[in-house]
Amino acid sequence: ERLLGLRGADIAAPDLSSPARELAGSVMTEGDAEEAEIAFDDPRFGPRRFEFEFRPLRSAEGVVGVLVRSSESTNRRMHARTLQLQSRLLECMSDAVLVVDAQRTIRYANLACESLFGYRPGQLTGEPVSVLGTTFPAYLDCARQAAAEDAPGQPTTLTLDSAGGAPPRVVRCRTSLLYFDDQRHDLVVLNAVTELLR
């Protein structure tokens, strides 16, 4: 209640309140709703962003006020940028990265993984892990069993199936557990070592 009766300039930084007042004035004059995102440098907290929604309040005499809804989007934007960076890093990795859910469905495969198994970008996501042949699904089962029993020494080197008479490919695998959306997932990193072994 301490905010009641105060001007916007008295409760917010000028770089935020000034453009907000201009937009509110435009809504009062024109009677059209407006949406905007305002960025400014907060002297205490650094760069911040706010999303605003301005709606005209009408009576029989016309527009008599403006309803303003605002929410800070700083953290959401930073989180989105972080996810974008992580996604780009995964796509640029030379190692193959694969995420498989508890139902043995592939939830993520980076470009190196799709290339390793002979698929085009985006083809593996949503497919059952059985499309990757017989060797890798068998390895995944062993890795899951070892994790359930907390047993060391799960297999780390595989010879993958090859189609069309191509020479076999040898990879080293590392598997980790991930939990998100209240479900268990397996994160598998495969490093092709065929040429290294040769």
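Predicted model: local features only at pLDDT ≥ 70, side-chain atom pairs only at ≥ 80, totals over all residues.
The chain contains six helices and eight strands. In sequence order, these elements follow the pattern α-α-β-β-β-α-β-β-α-α-β-β-β-α. The chain has 198 residues, of which 29% count as buried. When contacts between residues at least 6 apart in sequence are considered, 35% of them join residues at least 24 apart.

Helix α2 comprises the 17 residues 14-30. An α-helix has 3.6 residues a turn, so residues three or four places apart point the same way.

In soluble globular proteins, nonpolar side chains tend to be buried together. The largest nonpolar core in the model has 21 residues. Within this core, the residues with the most contacts are Leu98, Phe117, Leu132, Phe136 and Leu190. Two or more residues are contributed to this core by each of the elements β4 (96-101), β5 (106-109), α4 (111-116), α5 (135-148), β6 (157-160), β7 (169-180) and β8 (183-192). Helix α5 supplies the largest share of this core, with four residues. Another core, of 10 residues, lies apart from the largest one and includes Ala20, Val27, Ile38 and Phe40.

The surroundings of Leu190 were examined separately. With residues up to four places away in sequence not counted, Leu190 touches Asp95, Ala96, Leu116, Phe117, Phe136, Val171, Arg172 and Cys173. Phe117 and Phe136 are, like Leu190, listed among the residues with the most contacts inside the largest core.

The loop between β4 and β5 holds Arg104 and Thr105. Arg104 has a phi near 65°, a positive value in a residue other than glycine. Its relative accessibility is 27%, so Arg104 counts as partly exposed. Thr105, with a relative accessible area of 15%, is buried. Leaving aside neighbours within four places in sequence, Thr105 is in contact with Val99, Val100, Gly126, Glu127 and Pro128. Asp141, which lies in helix α5, is partly exposed, with a relative accessible area of 39%. Arg104 and Asp141 are 37 residues apart in sequence, and their C-alpha atoms are 9.6 Å apart in space.

Glu114 is placed in helix α4. This residue is buried yet has no salt bridge. The nearest side chain of opposite charge is that of Arg120, 9.5 Å away. Apart from neighbours within four places in sequence, the residues in contact with Glu114 are Ala109, Tyr119, Arg120, Pro121, Gly122, Gln123 and Leu124. Arg120 is thus listed as a contact of Glu114, although no salt bridge is formed by Glu114.

Methods:
Residues numbered from 1 in each chain as written. Heavy atoms only, no water. Expected span 1.5 Å × (residues − 1). Core = buried A, V, L, I, M, F, W, Y, C linked by side-chain atoms within 4.5 Å. Buried < 20%, exposed > 50% of the residue type's maximum accessible area, 1.4 Å probe, protein only. Contact = heavy atoms within 4.5 Å. Lys, Arg positive; Asp, Glu negative; His and termini not counted. Salt bridge = Lys/Arg side-chain N within 4 Å of Asp/Glu carboxyl O.
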